[in-house]
Amino acid sequence: MRAGFEGMDELLRDRLLIMVNDQLAIDMLPHVPARTGGLVLTGAAAPVRCREIRNVLPKTVVAMDYCSHTQQTATADAPFCIKTPYGWRRLDLAGLSEILDGQRDNKASYAVTPTCFIPADQVGDASVLKAVIRQANQLRRDDTLLLLPCSWRWFQRSALPHLAEQIQTSRHPVALIVQADGDPLERKQVPEGLRQLCRSCPRLVLWRTDLAAFDAMAHGALGAAVGASAVLRHGVMPRPDSAGGGHKPYPVVLVRRLLRYHRVATLDDWFAHVDPWTCTCAVCDGAALTRFTDSDADVLAALQHTVRELYSLHEELEATLPGDERIGWWRQQLADAWDYHRLLASQTDTEVSFPKVLQAWRRPSPPALPAAEAYRAQGQVDPS
Ligand SMILES: [Zn+2]
(Lines give C-alpha, C1' and ligand atoms only; values in the text may rest on other atoms or scores of the structure.)
Protein backbone atom coordinates (compact mmCIF):
# COMPACT_ATOMS: atom_id res chain seq x y z
CA MET A 1 0.00 0.00 0.00
CA ARG A 2 1.33 3.40 -0.99
CA ALA A 3 1.93 6.22 1.41
CA GLY A 4 -0.96 8.67 1.65
CA PHE A 5 -3.75 6.18 0.96
CA GLU A 6 -4.50 5.84 4.59
CA GLY A 7 -5.37 9.54 4.87
CA MET A 8 -8.23 9.41 2.36
CA ASP A 9 -9.50 6.09 3.63
CA GLU A 10 -9.52 7.30 7.21
CA LEU A 11 -11.28 10.52 6.23
CA LEU A 12 -14.06 8.62 4.46
CA ARG A 13 -14.36 5.53 6.69
CA ASP A 14 -17.89 5.14 8.06
CA ARG A 15 -18.67 8.69 6.95
CA LEU A 16 -22.17 9.55 5.78
CA LEU A 17 -22.23 12.52 3.42
CA ILE A 18 -25.25 14.51 2.30
CA MET A 19 -25.25 15.42 -1.38
CA VAL A 20 -27.04 18.72 -1.86
CA ASN A 21 -27.39 21.60 -4.29
CA ASP A 22 -25.29 24.62 -3.32
CA GLN A 23 -28.46 26.67 -2.72
CA LEU A 24 -29.55 24.42 0.16
CA ALA A 25 -26.11 23.71 1.64
CA ILE A 26 -26.15 26.32 4.38
CA ASP A 27 -29.56 25.13 5.61
CA MET A 28 -28.19 21.60 6.01
CA LEU A 29 -25.17 22.52 8.10
CA PRO A 30 -26.75 22.62 11.58
CA HIS A 31 -27.99 19.07 11.02
CA VAL A 32 -24.74 17.51 9.81
CA PRO A 33 -22.34 16.21 12.49
CA ALA A 34 -18.76 17.25 11.76
CA ARG A 35 -17.18 14.05 13.09
CA THR A 36 -19.20 11.50 11.12
CA GLY A 37 -20.91 13.55 8.40
CA GLY A 38 -20.21 16.06 5.66
CA LEU A 39 -21.52 17.56 2.45
CA VAL A 40 -21.07 16.95 -1.25
CA LEU A 41 -22.10 20.06 -3.14
CA THR A 42 -23.59 20.14 -6.62
CA GLY A 43 -24.62 23.17 -8.67
CA ALA A 44 -22.87 26.09 -10.32
CA ALA A 45 -21.93 27.82 -7.07
CA ALA A 46 -20.52 24.68 -5.42
CA PRO A 47 -16.90 25.95 -5.41
CA VAL A 48 -17.85 29.30 -3.84
CA ARG A 49 -20.11 27.66 -1.28
CA CYS A 50 -17.45 25.09 -0.43
CA ARG A 51 -14.93 27.81 0.28
CA GLU A 52 -17.43 29.79 2.39
CA ILE A 53 -18.36 26.79 4.52
CA ARG A 54 -14.79 25.62 5.03
CA ASN A 55 -13.64 29.12 5.97
CA VAL A 56 -16.19 29.23 8.78
CA LEU A 57 -16.27 25.53 9.69
CA PRO A 58 -12.85 24.09 8.82
CA LYS A 59 -13.63 20.76 10.51
CA THR A 60 -16.66 20.08 8.34
CA VAL A 61 -15.89 17.71 5.48
CA VAL A 62 -17.02 19.27 2.20
CA ALA A 63 -16.37 18.19 -1.39
CA MET A 64 -18.05 18.85 -4.72
CA ASP A 65 -19.36 16.84 -7.65
CA TYR A 66 -19.46 18.67 -10.98
CA CYS A 67 -22.01 16.10 -12.24
CA SER A 68 -20.44 15.86 -15.72
CA HIS A 69 -21.93 12.37 -15.83
CA THR A 70 -25.48 13.78 -15.93
CA GLN A 71 -24.77 15.37 -19.30
CA GLN A 72 -21.88 13.55 -20.97
CA THR A 73 -21.09 9.93 -21.79
CA ALA A 74 -17.48 8.85 -21.36
CA THR A 75 -15.44 7.53 -24.26
CA ALA A 76 -12.08 5.79 -24.12
CA ASP A 77 -10.54 8.97 -25.53
CA ALA A 78 -12.37 11.38 -23.25
CA PRO A 79 -13.36 9.82 -19.93
CA PHE A 80 -13.23 13.14 -18.04
CA CYS A 81 -14.96 16.35 -19.14
CA ILE A 82 -15.96 19.63 -17.63
CA LYS A 83 -18.53 22.21 -18.68
CA THR A 84 -17.14 25.68 -19.27
CA PRO A 85 -18.85 28.88 -20.43
CA TYR A 86 -17.48 28.00 -23.90
CA GLY A 87 -18.80 24.45 -24.02
CA TRP A 88 -17.51 21.06 -22.93
CA ARG A 89 -13.82 20.66 -22.36
CA ARG A 90 -12.18 17.24 -22.59
CA LEU A 91 -9.56 16.81 -19.93
CA ASP A 92 -6.17 15.30 -20.54
CA LEU A 93 -4.02 14.43 -17.55
CA ALA A 94 -2.81 18.01 -17.04
CA GLY A 95 -6.35 19.34 -17.42
CA LEU A 96 -7.68 16.81 -14.95
CA SER A 97 -5.01 17.75 -12.42
CA GLU A 98 -5.87 21.40 -12.87
CA ILE A 99 -9.57 20.76 -12.14
CA LEU A 100 -8.76 18.67 -9.05
CA ASP A 101 -6.33 21.34 -7.82
CA GLY A 102 -9.08 23.92 -8.34
CA GLN A 103 -11.38 21.98 -5.99
CA ARG A 104 -8.66 21.89 -3.33
CA ASP A 105 -7.96 25.60 -3.88
CA ASN A 106 -11.61 26.17 -3.02
CA LYS A 107 -10.91 24.29 0.20
CA ALA A 108 -12.60 21.00 -0.68
CA SER A 109 -11.55 18.35 1.87
CA TYR A 110 -10.68 16.05 -1.04
CA ALA A 111 -11.02 16.18 -4.82
CA VAL A 112 -13.59 14.28 -6.92
CA THR A 113 -12.93 13.42 -10.57
CA PRO A 114 -15.38 14.86 -13.15
CA THR A 115 -15.95 11.45 -14.73
CA CYS A 116 -18.49 11.15 -17.53
CA PHE A 117 -21.17 8.44 -17.58
CA ILE A 118 -19.91 4.88 -18.16
CA PRO A 119 -22.56 3.07 -20.21
CA ALA A 120 -23.27 -0.65 -20.19
CA ASP A 121 -20.59 -2.16 -22.33
CA GLN A 122 -22.21 -4.06 -25.16
CA VAL A 123 -19.06 -5.74 -26.46
CA GLY A 124 -17.78 -6.72 -23.05
CA ASP A 125 -14.28 -5.29 -23.46
CA ALA A 126 -14.80 -2.67 -20.72
CA SER A 127 -12.61 -0.26 -22.72
CA VAL A 128 -14.24 2.92 -21.38
CA LEU A 129 -14.09 1.75 -17.78
CA LYS A 130 -10.45 0.77 -18.25
CA ALA A 131 -9.66 4.19 -19.75
CA VAL A 132 -11.18 5.94 -16.72
CA ILE A 133 -9.12 3.88 -14.28
CA ARG A 134 -5.94 4.05 -16.36
CA GLN A 135 -6.00 7.83 -16.68
CA ALA A 136 -6.83 8.38 -13.01
CA ASN A 137 -4.05 6.00 -11.99
CA GLN A 138 -1.57 8.33 -13.67
CA LEU A 139 -2.44 11.08 -11.20
CA ARG A 140 0.32 11.44 -8.63
CA ARG A 141 -1.83 12.55 -5.73
CA ASP A 142 -3.42 11.01 -2.68
CA ASP A 143 -6.32 13.44 -2.12
CA THR A 144 -8.65 12.21 -4.86
CA LEU A 145 -11.82 10.15 -5.02
CA LEU A 146 -12.33 8.50 -8.40
CA LEU A 147 -15.95 8.85 -9.47
CA LEU A 148 -17.40 5.91 -11.42
CA PRO A 149 -20.93 6.68 -12.68
CA CYS A 150 -22.02 3.29 -14.07
CA SER A 151 -25.10 1.90 -15.75
CA TRP A 152 -27.03 -0.55 -13.53
CA ARG A 153 -26.18 -3.27 -16.04
CA TRP A 154 -22.64 -3.34 -14.69
CA PHE A 155 -24.07 -4.77 -11.47
CA GLN A 156 -25.63 -7.78 -13.13
CA ARG A 157 -23.98 -11.15 -12.63
CA SER A 158 -22.32 -11.32 -16.05
CA ALA A 159 -20.65 -7.89 -15.87
CA LEU A 160 -19.93 -7.59 -12.15
CA PRO A 161 -16.58 -9.45 -12.08
CA HIS A 162 -15.24 -7.06 -14.77
CA LEU A 163 -16.34 -4.04 -12.77
CA ALA A 164 -14.81 -5.42 -9.56
CA GLU A 165 -11.58 -6.28 -11.32
CA GLN A 166 -11.20 -2.73 -12.61
CA ILE A 167 -12.13 -1.10 -9.31
CA GLN A 168 -9.49 -3.19 -7.59
CA THR A 169 -6.81 -1.73 -9.85
CA SER A 170 -7.67 1.86 -8.86
CA ARG A 171 -5.06 3.72 -6.88
CA HIS A 172 -7.76 5.97 -5.49
CA PRO A 173 -10.80 5.13 -3.42
CA VAL A 174 -13.82 4.87 -5.72
CA ALA A 175 -17.12 6.74 -5.49
CA LEU A 176 -19.66 4.54 -7.21
CA ILE A 177 -22.89 5.76 -8.80
CA VAL A 178 -25.53 3.27 -9.97
CA GLN A 179 -27.55 4.70 -12.85
CA ALA A 180 -31.04 3.67 -13.96
CA ASP A 181 -34.34 5.21 -14.93
CA GLY A 182 -36.01 5.08 -11.52
CA ASP A 183 -34.57 3.13 -8.60
CA PRO A 184 -31.58 1.09 -9.85
CA LEU A 185 -31.95 -1.29 -6.92
CA GLU A 186 -35.27 -2.48 -8.30
CA ARG A 187 -33.39 -3.87 -11.31
CA LYS A 188 -32.71 -7.57 -11.51
CA GLN A 189 -29.55 -8.74 -9.67
CA VAL A 190 -28.49 -5.19 -8.73
CA PRO A 191 -29.02 -5.34 -4.92
CA GLU A 192 -27.00 -8.55 -4.57
CA GLY A 193 -24.44 -7.34 -7.12
CA LEU A 194 -23.85 -4.17 -5.14
CA ARG A 195 -23.46 -6.18 -1.94
CA GLN A 196 -20.91 -8.46 -3.57
CA LEU A 197 -19.01 -5.47 -4.85
CA CYS A 198 -18.92 -3.84 -1.41
CA ARG A 199 -17.60 -7.08 0.06
CA SER A 200 -15.01 -7.46 -2.70
CA CYS A 201 -13.73 -3.87 -2.96
CA PRO A 202 -12.95 -2.36 0.44
CA ARG A 203 -12.38 1.20 -0.80
CA LEU A 204 -15.85 1.97 -2.17
CA VAL A 205 -18.00 4.95 -1.37
CA LEU A 206 -21.59 4.61 -2.60
CA TRP A 207 -22.37 7.97 -4.17
CA ARG A 208 -25.60 9.75 -5.08
CA THR A 209 -27.71 7.17 -3.29
CA ASP A 210 -30.51 6.70 -0.73
CA LEU A 211 -30.88 4.17 2.10
CA ALA A 212 -28.75 1.84 0.00
CA ALA A 213 -25.98 3.75 1.80
CA PHE A 214 -26.70 1.67 4.89
CA ASP A 215 -26.88 -1.64 3.05
CA ALA A 216 -23.56 -0.81 1.37
CA MET A 217 -21.83 0.26 4.60
CA ALA A 218 -23.12 -2.85 6.36
CA HIS A 219 -21.46 -4.88 3.62
CA GLY A 220 -18.09 -3.18 3.79
CA ALA A 221 -18.34 0.09 1.86
CA LEU A 222 -16.05 2.77 3.21
CA GLY A 223 -18.75 5.45 3.28
CA ALA A 224 -21.68 6.88 1.33
CA ALA A 225 -23.24 10.07 0.00
CA VAL A 226 -27.04 10.27 0.26
CA GLY A 227 -28.88 12.70 -2.02
CA ALA A 228 -31.01 15.45 -0.49
CA SER A 229 -33.44 15.42 -3.43
CA ALA A 230 -34.85 12.48 -5.41
CA VAL A 231 -32.73 13.27 -8.48
CA LEU A 232 -29.56 13.06 -6.32
CA ARG A 233 -30.47 9.61 -5.02
CA HIS A 234 -29.38 7.62 -8.08
CA GLY A 235 -27.46 8.06 -11.32
CA VAL A 236 -29.27 9.39 -14.41
CA MET A 237 -28.90 8.84 -18.14
CA PRO A 238 -26.84 11.76 -19.51
CA ARG A 239 -28.82 14.48 -21.26
CA PRO A 240 -26.88 17.38 -22.78
CA ASP A 241 -29.48 19.93 -21.71
CA SER A 242 -30.31 18.57 -18.26
CA ALA A 243 -30.72 21.43 -15.86
CA GLY A 244 -32.45 19.43 -13.12
CA GLY A 245 -35.55 20.39 -11.21
CA GLY A 246 -38.27 22.21 -13.10
CA HIS A 247 -41.28 21.06 -11.13
CA LYS A 248 -42.46 22.70 -7.96
CA PRO A 249 -40.92 20.99 -4.96
CA TYR A 250 -43.21 19.06 -2.65
CA PRO A 251 -42.42 17.76 0.83
CA VAL A 252 -40.87 14.31 1.11
CA VAL A 253 -39.87 12.73 4.39
CA LEU A 254 -37.81 9.77 5.40
CA VAL A 255 -40.08 7.63 7.56
CA ARG A 256 -37.42 5.96 9.59
CA ARG A 257 -39.61 3.16 10.93
CA LEU A 258 -40.40 2.14 7.36
CA LEU A 259 -36.85 2.73 6.03
CA ARG A 260 -38.47 4.56 3.19
CA TYR A 261 -38.96 8.03 1.74
CA HIS A 262 -42.58 9.05 1.27
CA ARG A 263 -44.36 12.08 -0.04
CA VAL A 264 -46.25 13.79 2.74
CA ALA A 265 -49.36 13.50 0.55
CA THR A 266 -49.09 9.70 0.93
CA LEU A 267 -48.87 10.04 4.71
CA ASP A 268 -51.94 12.29 4.63
CA ASP A 269 -53.86 9.50 2.92
CA TRP A 270 -52.72 6.87 5.41
CA PHE A 271 -53.45 8.98 8.46
CA ALA A 272 -56.69 10.57 7.23
CA HIS A 273 -58.72 8.94 10.02
CA VAL A 274 -56.20 8.02 12.72
CA ASP A 275 -53.54 9.90 14.67
CA PRO A 276 -50.48 10.38 12.46
CA TRP A 277 -47.05 9.08 13.42
CA THR A 278 -44.86 11.65 15.13
CA CYS A 279 -41.11 12.18 15.18
CA THR A 280 -38.74 12.99 18.01
CA CYS A 281 -35.85 14.38 15.93
CA ALA A 282 -34.52 17.86 16.74
CA VAL A 283 -36.47 19.39 13.85
CA CYS A 284 -39.84 17.75 14.62
CA ASP A 285 -39.61 17.66 18.42
CA GLY A 286 -42.56 15.31 18.75
CA ALA A 287 -44.69 16.82 15.99
CA ALA A 288 -46.59 14.83 13.36
CA LEU A 289 -44.88 13.82 10.12
CA THR A 290 -47.98 14.93 8.23
CA ARG A 291 -47.57 18.59 9.19
CA PHE A 292 -45.36 19.61 6.25
CA THR A 293 -47.14 21.66 3.57
CA ASP A 294 -46.00 22.61 0.06
CA SER A 295 -44.54 25.91 1.31
CA ASP A 296 -40.83 26.46 0.72
CA ALA A 297 -40.20 26.59 4.47
CA ASP A 298 -41.96 23.25 5.02
CA VAL A 299 -40.25 21.54 2.09
CA LEU A 300 -36.94 22.60 3.63
CA ALA A 301 -37.97 21.54 7.15
CA ALA A 302 -39.00 18.13 5.77
CA LEU A 303 -35.53 17.77 4.28
CA GLN A 304 -33.90 18.82 7.55
CA HIS A 305 -35.97 16.18 9.36
CA THR A 306 -34.77 13.60 6.85
CA VAL A 307 -31.12 14.57 7.36
CA ARG A 308 -31.56 14.29 11.13
CA GLU A 309 -33.08 10.84 10.76
CA LEU A 310 -30.32 9.69 8.43
CA TYR A 311 -27.68 10.68 10.97
CA SER A 312 -29.64 9.11 13.80
CA LEU A 313 -29.65 5.82 11.88
CA HIS A 314 -26.00 6.32 10.98
CA GLU A 315 -25.08 6.84 14.64
CA GLU A 316 -26.43 3.38 15.37
CA LEU A 317 -24.57 1.85 12.44
CA GLU A 318 -21.34 3.52 13.45
CA ALA A 319 -21.64 2.09 16.99
CA THR A 320 -21.49 -1.46 15.61
CA LEU A 321 -18.37 -3.40 14.68
CA PRO A 322 -17.89 -3.79 10.93
CA GLY A 323 -18.69 -7.30 9.74
CA ASP A 324 -21.25 -9.66 11.23
CA GLU A 325 -22.35 -7.30 14.03
CA ARG A 326 -23.07 -4.49 11.58
CA ILE A 327 -24.90 -6.78 9.17
CA GLY A 328 -26.89 -8.13 12.13
CA TRP A 329 -27.87 -4.61 13.15
CA TRP A 330 -29.00 -3.81 9.60
CA ARG A 331 -31.01 -7.03 9.34
CA GLN A 332 -32.75 -6.06 12.57
CA GLN A 333 -33.63 -2.64 11.12
CA LEU A 334 -35.14 -4.40 8.10
CA ALA A 335 -37.06 -6.84 10.29
CA ASP A 336 -38.40 -3.90 12.32
CA ALA A 337 -39.38 -2.10 9.10
CA TRP A 338 -41.34 -5.17 8.05
CA ASP A 339 -43.20 -5.15 11.39
CA TYR A 340 -43.88 -1.42 11.09
CA HIS A 341 -45.34 -1.88 7.60
CA ARG A 342 -47.78 -4.43 9.01
CA LEU A 343 -48.54 -2.21 11.99
CA LEU A 344 -49.24 0.73 9.69
CA ALA A 345 -51.58 -1.39 7.57
CA SER A 346 -53.54 -2.51 10.61
CA GLN A 347 -53.62 0.96 12.23
CA THR A 348 -54.82 2.70 9.11
CA ASP A 349 -56.80 -0.15 7.59
CA THR A 350 -55.09 0.40 4.25
CA GLU A 351 -52.95 -1.65 1.91
CA VAL A 352 -49.28 -0.89 2.60
CA SER A 353 -46.94 -2.84 0.36
CA PHE A 354 -43.48 -3.82 1.56
CA PRO A 355 -41.08 -2.26 -0.96
CA LYS A 356 -39.21 -4.45 -3.42
CA VAL A 357 -35.84 -3.02 -2.36
CA LEU A 358 -36.42 -3.84 1.31
CA GLN A 359 -37.50 -7.34 0.29
CA ALA A 360 -34.23 -7.75 -1.60
CA TRP A 361 -32.21 -6.55 1.41
CA ARG A 362 -33.92 -9.08 3.67
CA ARG A 363 -32.45 -11.91 1.59
CA PRO A 364 -29.23 -13.58 2.80
CA SER A 365 -26.04 -11.73 1.90
CA PRO A 366 -24.02 -13.14 -0.99
CA PRO A 367 -20.31 -13.86 -0.45
CA ALA A 368 -17.52 -11.73 -1.94
CA LEU A 369 -16.65 -12.44 -5.55
CA PRO A 370 -14.27 -15.42 -5.79
CA ALA A 371 -11.80 -13.59 -8.03
CA ALA A 372 -11.70 -10.67 -5.65
CA GLU A 373 -10.87 -12.95 -2.75
CA ALA A 374 -7.92 -14.32 -4.68
CA TYR A 375 -6.92 -10.82 -5.61
CA ARG A 376 -7.01 -9.53 -2.08
CA ALA A 377 -5.03 -12.53 -0.91
CA GLN A 378 -2.16 -11.19 -2.98
CA GLY A 379 -2.32 -8.14 -0.73
CA GLN A 380 -1.51 -5.51 -3.30
CA VAL A 381 -2.89 -3.24 -5.96
CA ASP A 382 -1.93 -3.83 -9.55
CA PRO A 383 -0.08 -0.66 -10.57
CA SER A 384 -0.81 -0.94 -14.32
ZN1 LIG B 1 -38.27 14.54 12.47
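D22 is buried, and R49 is buried as well, where buried means under 20% relative accessible area, exposed means over 50%, and partly exposed covers what lies in between (1.4 Å probe, protein chains only). The model is a predicted one, in which local features need pLDDT of at least 70 and side-chain atom pairs count only at pLDDT 80 or more, while totals for chains, interfaces and linings use all residues. Residues are numbered from 1 along each chain as its sequence is written, and side-chain values use heavy atoms, with hydrogens and water left out.

D22 and R49 form a salt bridge, with their closest N and O atoms 3.9 Å apart; a salt bridge is here a side-chain nitrogen of Lys or Arg within 4 Å of a carboxyl oxygen of Asp or Glu. This pair links distant parts of the chain, since D22 sits in the loop between β1 (16-21) and α2 (25-28) and R49 in helix α3 (residues 46-56), 27 residues apart. Helices (H or I, at least four residues) and strands (E, at least two) are DSSP runs, numbered from the N terminus. The side chain of R49 also meets that of E52 in a salt bridge, at 3.1 Å from N to O. Being 3 residues apart in helix α3, R49 and E52 are separated by about one helical turn. An α-helix has 3.6 residues a turn, so residues three or four places apart point the same way. With a relative accessibility of 17%, R49 counts as buried, whereas E52, with a relative accessible area of 37%, is partly exposed.

A search of the whole structure finds 13 salt bridges. One of these joins the side chains of R203 and D9, at 3.0 Å from N to O. R203 lies in the loop between α7 (190-200) and β9 (204-209) and D9 in helix α1 (residues 5-12), so the pair ties together parts that are 194 residues apart in sequence. R203 and D9 are both buried.

In α7, 9 of the 11 residues are buried, so the helix is largely enclosed by the rest of the structure. Among the buried residues of α7 are V190, P191, L194 and L197, together with R195 and Q196.

Strand β1 is also largely enclosed by the rest of the structure, because 5 of its 6 residues are buried. Two strands pair if DSSP finds at least two bridges between them, and β1 pairs with strand β10 (residues 223-227) in the parallel sense over 4 bridges. Within this pairing, M19 has G227 of β10 as its bridge partner. β1 also runs parallel to strand β2 (residues 39-42), to which 4 bridges join it, and the bridge partner of N21 in β2 is T42.

Elsewhere, Q103 is found in helix α4 (residues 93-105). With a relative accessibility of 0%, Q103 counts as buried. If its neighbours within four places in sequence are left aside, Q103 is in contact with M64, Y66, A108, Y110, A111 and V112, where contact means heavy atoms within 4.5 Å.

The next topic is a metal site. The zinc ion is coordinated by C279 (SG), C281 (SG), C284 (SG) and H305 (ND1), at 2.1 to 2.3 Å. Donors are N, O and S atoms within 2.8 Å of the metal (3.2 Å for Na, K and Ca), and water is not among the atoms, so sites may look incomplete. Along the chain, the donors of the zinc ion follow the spacing C-x1-C-x2-C-x20-H. The 4 donor atoms subtend angles of 103 to 118 degrees around the zinc ion, which makes the arrangement tetrahedral, a term used for four donors if all angles lie between 85 and 135 degrees. C281 counts as buried at 7% relative accessibility, and H305 counts as buried at 0%.

Other cysteines complete the account. A search of the whole structure finds 0 disulfides, a disulfide being a pair of cysteine sulfur atoms within 2.5 Å. C67 is in no disulfide, and the nearest cysteine sulfur, that of C116, is 12 Å away. The sulfur of C116 is 3.8 Å from the closest cysteine sulfur, in C81, which is too far for a bond.

Note on methods
Tetrahedral: all angles 85-135°; square planar, octahedral: opposite > 155°, others 65-115°.
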